[in-house]
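Please open the model in a viewer and keep the selection panel at hand.

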Amino acid sequence: MTSVLGIETSCDETSAAIVGGGVDVRSNVVASQVDLHCKYGGVVPEIASRAHIERLDSVIEEALERAGCRQADVDAIAVTNRPGLVGALLIGVTAAKTLSWVWQKPLVAVNHIDAHAYSPAIGLSESPWPAVALVVSGGHTSLFRVVGATRIERLGATTDDAAGEAFDKVAAILGLGYPGGPEIEKLAREGNADAISFPRTMLARNSLHFSFSGVKTAVLYNVNGQGKTSGGLEKMSPQQLADTAASFQQAVIDVLVRKTMLAIKQTGLTSVVLGGGVACNKTLRAALEDECRNRGLAFHAANPAYCTDNAAMIAALGHHLLQEGRTADLTLDAYPSS
Ligand code: KG4
Ligand code: ZN
């Protein structure tokens, strides 16, 4: 059975995984750096690179150990080489190239966003493809037409903030912790999603692109007063805070659901998949699932373990690329853009 070692270091998670043939995830070790970045309210690239250097060796060792795998059992090494923080990506790419050379195993380059689009297929007994994939993460919000595991075509993307970035920035406006998505989701449970009517930016009529900077600014002014950027938070009651979180979350979800359905209409596909860190959000998962059920569409959200950054999705997509002979060589480089 073919086993692929996956390595992921594109942002603030150091991760390694072993995935066997038939996309059998045998281990998936994720060392989060949230504790290092939270006091800065966001990811500090230099700190992320340093932490990847310090942790990657032991994370890889643990992934091998948990899978009961030795070096000889690894058939290929798959690594994220784009997009992401270039200094962070370089740590994973350098480690993967070194192992590929020393162990004499093929190297496979994986696009991080494609892996998020593929991630809902992990653990499914039947293929969800062809499908419209909605990828909602901290760095990206995109819609794809996925014809097969390695045939992923982008239909639309964000023109400014990503959905997760908007969650993180609104959480900061509301004085909540980092990362903001889970904090907003928790607070929103106590609030009324209809309390405040935040804008749902749809852009041009048939556009599959997104824009979330408007809703973020609307929350800022709703909290502080029109044109003001501070001073309002202290005057808000706990209920007003919860209503703001719930109304913001609903505005983002409405746009995500509507755009996904527009992509379904434009492509004529009948299957929807959801991946990326924001896909952990239970209200989003339920809203998309309801809409799909009402329209008779198949729906698969990624397992929460494979929503936020992880190497299992890198190794799994790496498997398919390897099968097609799409290997890289030791000139492989890291790139910030997709
Ligand atoms: O996919 P991911 O781990 O990293 C990137 O590739 O960007 O996504 C991280 C993002 C963060 O912005 C975080 O706030 C958001 O996912 N997130 C959530 C939830 N859990 C994580 N957003 C909304 N609700 C959640 N429950
Ligand atoms: Zn990601």
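Helices, in this tour, are DSSP runs of H or I with at least four residues, numbered from the N terminus. The model is a predicted one.

Along the principal axes, the C-alpha atoms fill a box of roughly 60 × 45 × 30 Å. Switching to a surface view shows about 14400 Å² of accessible area, 49% of it belonging to carbon and sulfur atoms. Of the 338 residues, 53% count as buried.

Next, colour the charged side chains: 28 are positive and 34 are negative, and the centres of the two sets lie 6 Å apart. The salt bridges number ten.

Select R70 and D73, which form one of them, with the closest N and O atoms 3.5 Å apart. R70 is exposed, at a relative accessible area of 56%, whereas D73 is partly exposed, at 27%.

Move on to helix 5, residues 163-173, where E165 and K169 lie four residues apart, about one turn of the helix. Their side chains meet in a salt bridge of 3.1 Å, N to O. Salt bridges with shared partners join D161, E165, K169 and K216 into one network.

D161 is buried, with a relative accessible area of 7%, while K169 is partly exposed, at 32%.

Definitions and conventions. Residues numbered from 1 in each chain as written. Chains lettered and ligands numbered in written order. Predicted model: local features only at pLDDT ≥ 70, side-chain atom pairs only at ≥ 80, totals over all residues. Heavy atoms only, no water. Buried < 20%, exposed > 50% of the residue type's maximum accessible area, 1.4 Å probe, protein only. Areas by Shrake-Rupley, 256 points an atom, 1.4 Å probe, with all protein chains shown as cover. Lys, Arg positive; Asp, Glu negative; His and termini not counted. Charge placed at Lys NZ, Arg CZ, Asp CG, Glu CD. Salt bridge = Lys/Arg side-chain N within 4 Å of Asp/Glu carboxyl O. Helix = DSSP H or I, 4+ residues; strand = E, 2+ residues; numbered from the N terminus.
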